[in-house]
Amino acid sequence: MTTDAPTKRWLFGFDKFQLVAFALLGLMAANLVSVTIKKSITADEVVLIPAAYYHWVADDVHLVGQHPPLSKLLAGFPLLFLQPQEAAPDQIDPAATGDNREWAYTMRFWQDNRPRFDAICFWSRIPMIALTIVLGIVVFAFARELFGGLGGVLAVGLFSLEPTILAHGRVVQTDMPAAFGFVLTLCLLDRYVRKPTWKHAAAVGAAAAIAMLAKYSMLFLGPLLLVLLVARVLTRRKEARATLVHAVVAFLALILVINAAYFFHHRALTERDLSWIAASFPAIGSFLSAGVRVFQWLLPTDFIMGVYWQLKHSKDGHPAGLLGMHGDHGWWYYFPVAFALKTTVPFLLLSLGGLGWAGWRAFRPAGARLFIVLAPLVIYTALMLITPINIGVRYYLPGYILLVLLAGGLLAELSRLRQGPMRMASVAVSVGLLSWVGVEAVRAYPNHMSYLNQFASSRPHWWYLSDSNVEWGDDVKLLGDWLRARGETRVRALLLGGFVTLDFYGVNYVDALSNSSPVPRYTALGASFLNGSTVPPYAVDGKPVADNIRVNTFDSYRHRKPEAIIGGSIYVYRDRD
């Protein structure tokens, strides 16, 4: 692999590559903060931000337990200084259970803290932005180890400009933390392979724990590390004993970090837990209940129950849309299509080129180290192809970051071609592609969440994809501004998250599926509702409507020209003068 020649130290002991990378990440941070000020919170943040605060102060680690706690720990920390009002458990209906209890906590939290709504939304997102910038530093360090200083800078350039990364780099959710934990684990694993010490092994275990605490899909790192352990023991028999000791150290670090995130809280299974397991998995419920009792000696009960919730979610499926189609259990080609539509075209080309280049180079003796990126990327991509939950390309963010690394390596390799026409052509292509990514980032600002590239130009964006790909509720604030500028304080609407947040921006939300009178002047429909996939089940004359009717509830609006498109995600129509 490429090794940097000694470089001159410039400012504060940093070399030129570090200074350029830090400058790019500084601009990225400013970008993320500016968009955070402009945009409202997403639908998921409506529940995750209150859960983040309760995780710290109310000893309620299983509120919104379907997600592991890392994003909640991060988002909730600044709120300890704001000291929002919190509802005590006895202030919530004791008969409320499950989702109803969580929703009661959520609504009480926001109403109790109405005067500080904007402050809470802003400060809870700052740690997510900080984590994204730290991930950028990890990307630089990892790419530099693999491809040299120029490769690190180019990778950071792509990382700091790609709209999908920018969209999710400021959001309180599990996706960017999962990408951080995933890439950090691989970076530290590469370091361990080159210099196997117990400290490096402990760092790998702690990083893997961070990944698993970010998103349950990162549990695949466990079997991956186990396979690497077995391979190392078999191929380096003289080091087998030391390797096994290091594996124990890594495992202990992993268990310690996971337990610490749950404040070492190991509660007993309740009757409600047992009933839920039995109802959710009737064929294997007793086996899964026994599994909790066994593994709760090592792992928090809520961590294990969260894994079970995700298994049930996969079994039940989730409404989604793709290319005008609707389904609950997805399509195997969903993520390739979503990636092709949501990335900038130059990054798409660089991703494919970098993947092909790295695959070719990895089978050469000098490039075998690239397997530490390629193997996890291939495995993670394969897992995404079989997942039935197809509600956002954000689930593939860990893969995005590895493709950023490979794209940076490819560009660095092109820059090292010998002098001549090929070098001039490669430099021109590289500069052109990077400039194009920059232009797309500017063009998308501040609407990174709803960004689709030129391949999605023949139809309205809502036709191609749904949910967080095209609408996630973060344009509600802009909608409120648009309506109030026209003297409107009521709107007929269906918006992800907007039924909670729009009221905080001075506009009354009238459910578009209700028969409210008088009818407001405007109807505002999120792209996912125009798509039809997120239209909730409803009844007409007491009878549930058929699914084909539900997804086409707003078909008449699809054929009308909207009065305005807010942030690329909310379509506003005038229904009366």
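Reply: Helices H12 and H14 cross in a left-handed sense. The model is a predicted one. H12 covers residues 271–280 and H14 covers residues 301–316, and the two pack with axes 11 Å apart at an angle of about 30°. Because angles under 35 degrees count as roughly parallel, H12 is roughly parallel to H14.

Now the charged pairs. With a side-chain nitrogen of Lys or Arg required to lie within 4 Å of a carboxyl oxygen of Asp or Glu, the count comes to 28 salt bridges. One of them joins the side chains of Asp 175 and Lys 215, at 3.0 Å from N to O. This pair links distant parts of the chain, 40 residues apart. Asp 175 belongs to helix H8 (residues 175–194), while Lys 215 sits in the loop between helix H9 (198–214) and helix H10 (221–235). Asp 175 has a relative accessible area of 2%, so it counts as buried. Lys 215 is buried too, with a value of 10%. The pair also belongs to a network of salt bridges, which links Asp 175 and Lys 215 with Asp 44 and Arg 394.

Two other pairs lie within single helices. In the salt bridge between the side chains of Glu 440 and Arg 443, the N to O distance is 2.8 Å. Glu 440 and Arg 443 are about one helical turn apart, because they stand three residues apart in helix H19 (residues 421–444). Glu 440 is buried, at 2% relative accessible area, whereas Arg 443 is partly exposed, at 49%.

Asp 555 and Arg 558 form a salt bridge in which the closest N and O atoms are 3.3 Å apart.

Trp 56, Val 57, Phe 77, Phe 81 and Phe 263 make a nonpolar surface patch of about 480 Å². Trp 56 is placed in helix H2, which runs over residues 43–57. With a relative accessibility of 30%, Trp 56 counts as partly exposed.

Terms used:
Residues are numbered from 1 along each chain as its sequence is written. This is a predicted model: local features need pLDDT of at least 70, side-chain atom pairs count only at pLDDT 80 or more; totals for chains, interfaces and linings use all residues. Side-chain values use heavy atoms; hydrogens and water are left out. Patches are made of residues with over 30% relative accessible area and no salt bridge: like charges are joined within 9 Å, nonpolar side chains (Val, Leu, Ile, Met, Phe, Trp, Tyr) within 5 Å. Accessible areas come from the Shrake-Rupley method with a 1.4 Å probe; for residues, only the protein chains shown count as cover. Helices (H or I, at least four residues) and strands (E, at least two) are DSSP runs, numbered from the N terminus. Buried means under 20% relative accessible area, exposed over 50%, partly exposed in between (1.4 Å probe, protein chains only). Axes are lines fitted to C-alpha atoms, for helices over the stretch in contact, and angles run from 0 to 180 degrees between N-to-C directions. Angles under 35 degrees count as roughly parallel, over 145 as roughly antiparallel, 65 to 115 as roughly perpendicular and the rest as oblique. A crossing is left-handed if the near helix is turned anticlockwise from the far one by less than a right angle, and right-handed if clockwise.
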